[in-house]
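Reader: I have a structure open and would like to talk through some of its features. Could we begin with a charged pair inside a helix?

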Amino acid sequence: MAVIRRRKQPEDEVQQHPDPNPDEDDDKEEKASKKSGKKNKSKNYSCLDNCCWFVGCVCSVWWLLLFLYNAMPASFPQFVTEAITGPMPDPPGVKCLKEGLKVKHPVVFVPGIVTGGLELWEGHQCMDGLFRKRLWGGTFGEVYKRPSCWVQHMSLDNKTGMDPPGIRVRPVSGLVAADYFAPGYFVWAVLIANLARVGYEEKNMYMAAYDWRLAFQNTEVRDQSLSRIKSNIELMVSTNGGNKAVVIPHSMGVIYFLHFMKWVEAPAPMGGGGGPDWCAKHIKAVINIGGPFLGVPKAVAGLFSAEAKDIASARALAPGVLDSDLFQIQTLQHIMRMSRTWDSTMSMIPKGGDTIWGGLDWSPEEGYCPSKRKPGKNDTEISTQNESTSQECEATRANYGRIVSFGRDVADAPSSEIERIEFRGAVKGHNVANNTCRDVWTEYHDMGFGGIKAVAEYKVYTAGEIVDMLEFVAPKMMERGSAHFSYGVAENLDDPKYGHYKYWSNPLETKLPNAPDMEIYSMYGVGIPTERAYIYKLTPAAECYIPFQIDTSAKDQNKDCCLKDGVYTVDGDETVPALSAGYMCAKGWRGKTRFNPSGIKTYVREYDHNPPSNFLEGRGTLSGAHVDIMGNFQLIEDVIRVAAGATGEEVGGDQVYTGIFDWSEKIKLKL
Amino acid sequence: MAAILRFRKLYFIEPTLKKYGSFETSKDENQSLEKPEVDGKKEASQTIKEQQSDKNKKKKQARGWKCVDSCCWFIGCMCTTWWLLLFLYHCLPAHLAGFKGPESPGVRLKNEGLTPLHPVVLVPGIVTGGLELWEGRPCSQGLFRKRLWGGSFTEILKRPLCWLEHLSLDDETGLDPPGIRVRPVPGLVAADYFAPGYFVWAVLIENLAKIGYEGKNMYMAAYDWRLSFQNTEVRDQALSRLKINIELMYITNGNKKVVVVPHSMGVIYFLHFLKWVEAPPPMGGGGGPGWCDKHIQAIMNIGPAFLGVPKVVSGMLSAEGKDIASIRAVAPGLLDSEFLGLQTLEHVMRVGRTWDSVVSLLPKGGDTIWGDLDSSPEDGLCDFESKSYFPTNSKENNTRNDDTKPQIKTKQETKYGRIVSFGKTALTSYDLLQELMDVKRVSNSGANCGEVWTEYGKISRENIMKLADNKAYTAGTLIDLLRFVAPKTMKRAEAHFSHGIASDLDDPKYTHFKYWSNPLETKLPYAPNMEIFCLYGVGLPTERSYVYKLSTSDKCDTIPFRIDSSAGGNGGRGCLRGGVYFVDGDESVPVMSAGFMCAKGWRGKTRFNPSGSGTYIREYRHKAPASLLEGRGLESGAHVDIMGNVALIEDVLRVAAGASGAEIGGDRIYSDILEMAERVNIKL
């Protein structure tokens, strides 16, 4: 600063000295002579100094506003909001407090995929100075500053699915791990704040943060995350007067916790050695929020062509750049390479095969169209149409069972007309050895044109065949994944092979623990079109490309809403279809079934999506979207009630808007 | 700018709307103006008149312009340059060639092949841990789960009274006041940085991470440092939490015992834990008598305040200590001035006296350890000069060079034993206790003293005079003094802490938790293989005893005592300076308090250490940072800065990686601790 002041001030003085002269001067000639001199100076001034002046003005105004903003009483924004939208309802925490609800059961949060923060503990040279700084979550500042370095550090080892040598990225621990995903974008924060109102604090709330990139069992192998959850639940139960814990998993955390419940009762060394009644002793209720029990079709698209939104939400950070090949950035390929090293994404591949998700000619949701029940976001008739369950979709029957089909015509055609050429065992053919691709190596480059063609010629893939197809196009990844996850339906649950941990996260291949007093809730949003099946096309060949792409041109001419931009949608919370979130609680576990031998009570609670009515409401207090539902007042109230001791019946039992029970009936599964 | 104005003034006839007339338009106008000038004089003269009248108008405008706009211009310049510099700074590669700091101990030891062996538990001390708000009054709206203590402390400036209210504890119970819940921040973030850029544990954590430590084998035992130790368990279950986490790390790291690294007050907190964990429930943790032996490899006490800190005395008497009331450092100027009626010190005292933990730091062991009216273990060892301490201690440096008679100070009679004396030549008063009994408390005769309430308000002026009438107080009688001036605080806190020496450790009364944090009233647990390290800085003058005077102010509710900063002069670097007697130490904890237990009290098999756990003293001589670039120094010995001391970090890393005390070099002593310890006459 000092330098500037010294340099600039003399200049000012120089200008001020001649200032009195013109006043005294009446001679025009002198004026004229000065004219030319002044002209030059004035030009300099208007350029640089006007800029400075402008910047100064902006800064001052900014500071002034900032000052005013800070000086503003904290309740002012709320006041304004209320003035515009009418009085806000009490936050559920306050409401419950007024009703006299108090802390009873300790609460455990299990965050889902993507939402948990990851921080750097050891890295390569390019990550200097970022020790214990967040790589994932927070501001994502490093993505812009050193993108390739960031991708390198976020990736896991291709072979082992663990840390690459020399890199240690670890989950952030504590409530801060997932209260906010990015500044201002809450995940658990609203729920935490409301629980705090009725008296919860650090000692009876625990965030079970884990590295969501790893396969579930590997979180235990590397970080002892499962042991950590176990001992923390034990601690909280013992220090809170023996009140059992209420567990609240969200998204992938749901199946992670399913894995935990099996792990904790399994004998060491594979399990936690808690004994067969650990869950009965320590867990009061499991409140699954938006749980992808049976997988998410989105995950298929994500793994297949890196095009899903949630899984590769990294994409959302820079949407424009993705599709363009200019700059040679090849973002999608980079993301695919990175996310294919994350074993956890494979835990969300649709489970249960054709039995659950439908075959070539049928699917449980068929004849049902989400937007019939409920118009899309932009529609103005929200209030007029609601709750009329499952109107028929008059025109076409969407074949939801065909999760991936190549071409619009194939998607619609009756199954007898589709010619399919077996792809399993097809010769993959040569890949052109390509040096330019080294950076963005995806397994597609191993496949060669033969393989790609074979995949496309099989035309249609159902949920069962999807797994085979992924094994074909990404053998390395699926080899890692199949050691940790399984996607089938068990014939005989007593088969000793189901003692292996790879079945623990699949509700169709495990029994629930023996805990008759436990309650399982499935809470999820409905009323938002959710990806269910895709129409693919081959990408025009280019160097280092991803050969498959969603065929965004495929859409229905009429207002038939089920197909849009190459994606068939059903009812759900924008990420998880209602079928996946609700089936287990609606049917698979209801009553005493072979999956639920001790007859644990289950409850389905759906929350109808209502978009925020205006901008001031932020992400809405009645939202049903996958993450935003964590701010849904109704859901929060239910959670608080259960945490304060209410049973499922007391909070209202089932609350259903979709045809989940009808769909479940259509699924022929031995129970 | 000025040029533009003048330019317009001269040649514009009609005021233009354009403020920043571009060059071209003005040129056109010039031409059009020049024509009439040439053509007719009449017209010209008219023009001139117009010009002149215009001129005046413009002048006014110009002045307005100059004032505001120059400001704008200046701010603009500043901002632009600032951004430019900032931008350049960010573009800077992380490692400039030639600007490479010394290799950090972590990297060096990693290259030596050290890997994590024992899990590490960090126990922060007083003040350094963060506190966050969980429930508060309306004035604290919007601060949910924001830090009230630690971090940037912005709330002090925004809403000071609200802030003080929330940090206070309940006067009666020493727990939360109704409607307020302030809780410790958990995890490593609790105390890695105290304020942005001011590291506490961060350097140590980073170096541990270099050799492979991470979240799963490093645990920060954050607790609410305002509470008495047992209350952290009652309210937050902090001790149970610590126990469970040590057990968890022990199991998940292949049955490796943990290395515990407590700092400052954390040292006596962990001492409390050691007793608690083996005691039977409900008072204890029920770990059984072998728990420590099974789970703890070593305790590396950093800057341990085993026997208390004299600083706390001044803190409690007159809120003048530096460490405890470090709030003071935040706004140093305001404190002493009474203008604006701020009474900052009184507020601080009021808040500080609700914190029970402060009492845990009062000098323990009474006259036996700290000396009586006539002698003390440290007497005659005030020879800082001969030891060439304080090589570059900022201000003192100048005067020191003039002084050529360093030994003179040594002969000066220092009576460290008198921790608080009123007047420099205080009379000895052996009948002190008797007198205290006689002094009757008179209930507050003065007017209602408003918001600021310190217990001084309840003591009549007369009694204060009596208290101060040339009396000297030793460590033993000091407690009585405090009981008198702060009856409530002491009553509350003495249910949790004790400051004496046990004559018979087998007395069943010593199983009560109030004795657990006093090393002189407890036995160490049975753990013959456990090692205890005392790591502390030396070479800094550390407060040891005080000369007090009565404060002149007669106002209601002011603090009646002040440190007599005229005693001993300000310039000297003798043992008495500014009313404070100094000894060797780490600026907060005197060597005596930090080292005595390891040097004598626990050395070998004593009655305090029946199983003979090994003890080691590691002292680190203070060296001020050589240049500004070094920050707070790589060889600092100061109480908190020592956490960045390279030698200390290396010791901690080696022990964590499996080295024993003998392997890292056994004792390492610079001070006179052994001599001092010899002089202490205590039954072992």
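Author: Lys243(B) and Glu247(B) lie four residues apart in helix H9 (residues 238-252) of chain B, so about one helical turn separates them. Please note that this is a predicted model.

Reader: Which kind of interaction does Lys243(B) form with Glu247(B), and how far apart are the closest N and O atoms?

Author: Lys243(B) forms a salt bridge with Glu247(B), with 3.8 Å between the closest N and O atoms. Side chains of opposite charge can pair when their charged atoms come close.

Reader: Is Lys243(B) buried or exposed? And what about Glu247(B)?

Author: Lys243(B) has a relative accessible area of 16% and is therefore buried. Glu247(B) has 22%, so this residue is classed as partly exposed. The cut-off for buried is under 20%.

Reader: Which residue forms a salt bridge with Glu637(A)?

Author: The partner is Arg641(A), and the closest N and O atoms are 2.8 Å apart. Arg641(A) and Glu637(A) are four residues apart in helix H23 of chain A, which means that about one helical turn lies between them. Glu637(A) is buried, at a relative accessible area of 15%.

Reader: Why is H23 of chain A described as largely enclosed?

Author: Nine of the 11 residues of this helix (residues 633-643) are buried, so the rest of the structure largely encloses H23 of chain A. Among the buried residues are Phe633(A), Leu635(A), Ile636(A), Asp638(A) and Val642(A).

Reader: What is found at the start of H23(A), and what comes just after H23(A)?

Author: At the start of H23(A), a side-chain oxygen of Asn632(A) comes to within 2.9 Å of the backbone nitrogen of Gln634(A). Just after H23(A), Gly645(A) adopts a positive phi of about 120°.

Reader: Returning to salt bridges, how many are there over all chains?

Author: The search of the whole structure finds 50 salt bridges. One of the pairs is Asp176(B) with Arg183(B), at 2.8 Å from N to O. Both Asp176(B) and Arg183(B) are buried.

Reader: Which residues are linked in a network of salt bridges?

Author: The network includes residues from chain A, among them Glu122(A), Asp163(A), Arg168(A) and Arg222(A), and also Lys110(B) and Glu214(B) from chain B.

Reader: Changing topic: where is Ser168(B) found, and which residues does Ser168(B) touch?

Author: Ser168(B) sits in the loop between helix H6 (160-167) and strand S4 (181-184) of chain B. Ser168(B) counts as buried because its relative accessibility is 12%. A polar atom of the Ser168(B) side chain lies 2.8 Å from the backbone oxygen of Leu164(B). Leaving aside residues up to four places away in sequence, Ser168(B) touches Pro177(B), Arg226(B), Val351(B), Thr354(B) and Trp355(B).

Reader: Which residues form a nonpolar patch on the surface?

Author: The patch consists of Trp82(B), Trp83(B), Leu84(B), Leu85(B), Leu86(B), Phe87(B) and Leu88(B), which together have about 760 Å² of accessible area. Leu85(B) belongs to helix H3 (residues 41-91) of chain B. Leu85(B) counts as partly exposed because its relative accessibility is 44%.

Reader: Finally, what does the secondary structure of chain B come to, and what share of chain B is buried?

Author: Chain B has 25 helices and 17 strands. Of its 684 residues, 57% are buried. The chain exposes about 28400 Å², of which carbon and sulfur atoms supply 56%. Among contacts in chain B between residues at least 6 apart in sequence, 76% join residues at least 24 apart.

Note on methods:
Residues numbered from 1 in each chain as written. Chains lettered and ligands numbered in written order. Predicted model: local features only at pLDDT ≥ 70, side-chain atom pairs only at ≥ 80, totals over all residues. Heavy atoms only, no water. Patch = residues over 30% accessible without salt bridge, like charges linked within 9 Å, V, L, I, M, F, W, Y side chains within 5 Å. Areas by Shrake-Rupley, 256 points an atom, 1.4 Å probe, with all protein chains shown as cover. Salt bridge = Lys/Arg side-chain N within 4 Å of Asp/Glu carboxyl O. Helix = DSSP H or I, 4+ residues; strand = E, 2+ residues; numbered from the N terminus. Buried < 20%, exposed > 50% of the residue type's maximum accessible area, 1.4 Å probe, protein only. Polar contact = N/O pair within 3.5 Å; in protein donor to acceptor, adjacent residues only side chain to side chain. Contact = heavy atoms within 4.5 Å.
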